[in-house]
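Please check each one against the coordinates as you go.

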Amino acid sequence: METQCVSVIVPVYNAEKFLADTSKAILKQSYQNLEIIFIENGSTDQTWEICKELAANDDRVKIMHIEKRGVSAARNAGIEAASGDYIVFSDSDDFMQPHMIETMVHTMNERKAELVICGFRHMDSATGEEIETIYGLQHEFFGKEKYLHLDMMLRAQILHAVWNKLFLKETINKHQIRFRETMQIGEDLTFNLDYLDMVDAVFCLSEPLYDHYLRRSGSITSTFCPNYYPQQTFMLKRMYKSLSKVDPMPADGISYYESAYVDMMSTAISYLFYPQAGLKNKKAVYEQMNELRKDREYFRCAKSQWEKLSFKEKIIAQSLKNKCYGLIYPFYHWKHRDKR
């Protein structure tokens, strides 16, 4: 019997083109004891009207309106409003497989798990075609074992999002786990790591039960992230905190963290060349590179992973170390010329 209610939290913003289809996939779940919470987040299209229509047609639907403060604020509002035993998150333009929630609830009960993670598919929104399938690990983790294999879960890409997971609401509220509203990137992984620290039993399903649609608009606003560097360094420090819960830290975990840090710096430098960065000349770019150069952890990671670095990563590391910014500038300036 479906005695346990699942709260499905769906932030929505300017989602009139796809919200009807997304909501249909949730409402038609084989597991019917649902509370579906749509949090409208300052839309300028007909999204709110669609939300009201959904609520009028199905008493399992709850709708909320908040000022435009971002997806993290919307999810936090949904957590506060949720009355179910479990929590599932969905994006407003994605699709759940019809048996997703039933499978995950059954797994949580059968395995006495406190977190269930499933596989998913990346889909092309323009063509509807599958880009990539991310299979879960089909593995059970208990206690510190989850930290021993944390790098494996990170490499498998199953920890970076919240929409492929079933959470216990009691655990979320007991430990006041919330999304950091100042983050626009890495907030899902940070939330997941905060939750992971508070549970003992985790079960990963290999089956891809969620379709995540990638909208490849190619626009600057869809790729540029303001304050990328401080947000990513915060997220990486949070990752390191979890990885280091096993002493000594597994070599694979160290390698994953250090490689991720080096990759982060390459992206941070790339963002300096986007028009939205507001750096109007070479001098302004060099000043920001000088600030990034103060990150000693980056140089430690680059040195440790030197043999594994790409040629470009080695050039960046050496150029920053020696303040030879002129070696970096032509490459990125040329690369991003179409964004100007």
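**Notes on the predicted model**

1. Strand S6 (residues 115-124) and strand S7 (residues 130-134) run antiparallel and are joined by 4 bridges, where two strands are taken to pair if DSSP finds at least two bridges between them. Phe120 has Ile134 of S7 as its bridge partner. The two strands form a hairpin with 5 residues between them, and Gly128 in the turn has a positive phi of about 75°. Helices (H or I, at least four residues) and strands (E, at least two) are DSSP runs, numbered from the N terminus.

2. On the basis of these notes: this is a predicted model, in which local features need pLDDT of at least 70 and side-chain atom pairs count only at pLDDT 80 or more, while totals for chains, interfaces and linings use all residues. Residues are numbered from 1 along each chain as its sequence is written, and side-chain values use heavy atoms, with hydrogens and water left out.

3. The peptide bond from Asp247 to Pro248 is cis, with omega near 0°, and Pro248 is placed in the loop between H10 and H11. As background to this point and the previous one, most residues other than glycine have a negative phi, and most peptide bonds are trans.

4. Ile66 lies in strand S3 (residues 61-66) and counts as buried because its relative accessibility is 11%. Although Ile66 and Glu40 are 26 residues apart in sequence, their C-alpha atoms are 6.2 Å apart. Leaving aside neighbours within four places in sequence, Ile66 is in contact (heavy atoms within 4.5 Å) with residues including Ile39, Glu40, Ala73 and Ala77.

5. Helix H3 (residues 71-81) is mostly covered, with 8 of its 11 residues buried, among them Ala73, Ala74 and Ala77. The cover over these buried residues includes strand S1 (6-12), strand S2 (34-41), S3, strand S4 (86-89), helix H7 (169-174) and helix H8 (187-196).

6. Ser242, in helix H10, counts as buried at 0% relative accessibility. Apart from neighbours within four places in sequence, Ser242 is in contact with Tyr147, Leu150, Leu193 and Asp197.

7. Not counting residues up to four places away in sequence, Leu320 touches Met265, Ile269, Met289, Arg293, Tyr298, Phe299, Tyr325 and Ile328.

Conventions
Buried < 20%, exposed > 50% of the residue type's maximum accessible area, 1.4 Å probe, protein only.
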